[in-house]
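Reader: Could we go through a few local features of this model together? Please begin with any term I shall need.

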Amino acid sequence: MGNAFLDRRTFLKNIGIMGGGLLLASSPWLSTFAEVDHTINYKVRLGIIGPGSRGCFLLKFIQKNPKVEIVGICDIYQKSIDNALKIAPKAKVYKDYRALLDSNEIDAVIITTPLFLHKEMVIAAMDAGKHVFCEKALAMNVKDCWQMYMKHKATGKIFFTGQQRLFDPRYIKVMEMIHTGVFGNIEGIHTFWYRNGDWRRNVPSPELERLINWRLYKEYSCGLMTELGCHQLQIGSWAMRAIPNKVMGHGAITHWKDGRDVDDNISCIYIFDNGVKLTFDSVISNQFYGLEEQILGNLGTVEPEKGKFYFEKTPPAPGFLQLLNQIENQLFDAIPFAGSSWEPETMKNNKGEYILGERPRTDGTSLLLDAYIEAVIIGKQPQNIAEEGYYASALTLLGYQAIEEERIITFPDEFKLDYLNHKNTQI
């Protein structure tokens, strides 16, 4: 296995999987690595459909895995083909994805095409006997996501989605802490992803506008909900071990009025049956606050992206600061304040603690791809990983529907999976 094996072994050891497996209750898909038979001398023959910017990003990780041989690439845009060949120069080039799927020399595929093409390609790939990794979100509506998931169940093919946070050391450790009660009862989850840019890509000729800038048009894209919200809504359901049953939202184009018809700012409120709210906001004309998931318990707060957590009761301030505070309290004793007493605000004093001591060097992408390859080799679908991907996509699409139809949307019972066949069942 070389360095790939060592990296995964270090990863598992550092987060506590090896020697007890305590985290498997919160992240059961990690068992993929524990079940690897390192005596197998086999390479997965991989094809990639749609090697654009995201596809080539994944290829750079996958080509480092000694258990993979990239044998096919498929795209209709020559620039994407040329970029992919720089990474995998020996790969055969296809212009029609169906021809790639017909090849007996390909075991598994990675699909990184525009959203509106995912469903037909995923179903065709599984029908052709290929294992599938599909970038998030899965499809344009919940029914299509359901049909893709059911095809996975019917064919028994390995099915991964691009939810890399499932393998991010920060998030794995955070969920173990949440699920063991470190932060008490979860009372609210605030998520946001802010950027400052028009989300456009350069177009060499006008007829390629919708091919290259497909994210800007509702015919091909569901905009910010599926492109960004898919990650953060999955964090909410992972933390709660449940899915929210209702969603309301609003979106608008307030800044980038350049011919696009997808919103440039959105807000959604998801409601769990116990009353807890999960919010998602995205604005792409201001990046000051960046991205984060703020998970609020009655005993503490955790910010996984930042890699820090904060307890409600902070340690006492150093002696000198305590003395200053006492002096200031005495000075203000005679002045009536709207509150029990004057004290420094908690947020200013609470510096928090790092979850893993330092920020990891991976966001989980490489480990997610490695897990996909290992699952293909051993022929076993990791527990819950397809379900997490399905629900992440479904929640984004219900939020999108709520925004488009300007009404409260309830999660349809017919699209809830068997392992979540009643409200607030644990994932």
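Author: One term first: contact means heavy atoms within 4.5 Å. Please note also that this is a predicted model.

Reader: Understood. What does glutamine 164 touch, not counting residues up to four places away in sequence?

Author: Glutamine 164 touches Arg54, His231, Asp363, Gly364, Thr365 and Leu368.

Reader: And where is glutamine 164 found?

Author: Glutamine 164 sits in the loop between strand 6 (159-161) and helix 8.

Reader: Why is glutamine 164 classed as buried?

Author: Its relative accessible area is 8%, and buried means under 20%, so glutamine 164 falls in that class.

Reader: Turning to serine 80, is that residue buried or exposed?

Author: Serine 80 is buried, with a relative accessible area of 10%. The residue belongs to helix 4 (residues 78-87). Apart from neighbours within four places in sequence, serine 80 is in contact with Pro51, Gly52 and Asp75.

Reader: Back to helix 8. How do the axes of helix 8 and helix 10 cross?

Author: The axes of helix 8 (residues 169-179) and helix 10 (residues 224-240) cross at roughly 35° and come within 9 Å. Helix 8 contributes Tyr171, Ile172, Met175, Ile178 and His179 to the contact, while helix 10 supplies Ile235, Trp238 and Ala239.

Reader: How do those residues divide into nonpolar, polar and charged?

Author: Seven are nonpolar, one is polar and none is charged.

Reader: A last topic: which residues form a nonpolar patch on the surface?

Author: Met248, Ile269 and Ile408 form such a patch, and together they have about 230 Å² of accessible area. Of these, isoleucine 408 is placed in the loop between helix 14 (385-405) and strand 15 (409-410).

Notes: Residues are numbered from 1 along each chain as its sequence is written. This is a predicted model: local features need pLDDT of at least 70, side-chain atom pairs count only at pLDDT 80 or more; totals for chains, interfaces and linings use all residues. Side-chain values use heavy atoms; hydrogens and water are left out. Axes are lines fitted to C-alpha atoms, for helices over the stretch in contact, and angles run from 0 to 180 degrees between N-to-C directions. Helices (H or I, at least four residues) and strands (E, at least two) are DSSP runs, numbered from the N terminus. Ala, Val, Leu, Ile, Met, Phe, Trp, Tyr, Cys and Pro count as nonpolar, Asp, Glu, Lys and Arg as charged, and the others, Gly among them, as polar. Patches are made of residues with over 30% relative accessible area and no salt bridge: like charges are joined within 9 Å, nonpolar side chains (Val, Leu, Ile, Met, Phe, Trp, Tyr) within 5 Å. Accessible areas come from the Shrake-Rupley method with a 1.4 Å probe; for residues, only the protein chains shown count as cover. A salt bridge is a side-chain nitrogen of Lys or Arg within 4 Å of a carboxyl oxygen of Asp or Glu. Buried means under 20% relative accessible area, exposed over 50%, partly exposed in between (1.4 Å probe, protein chains only).
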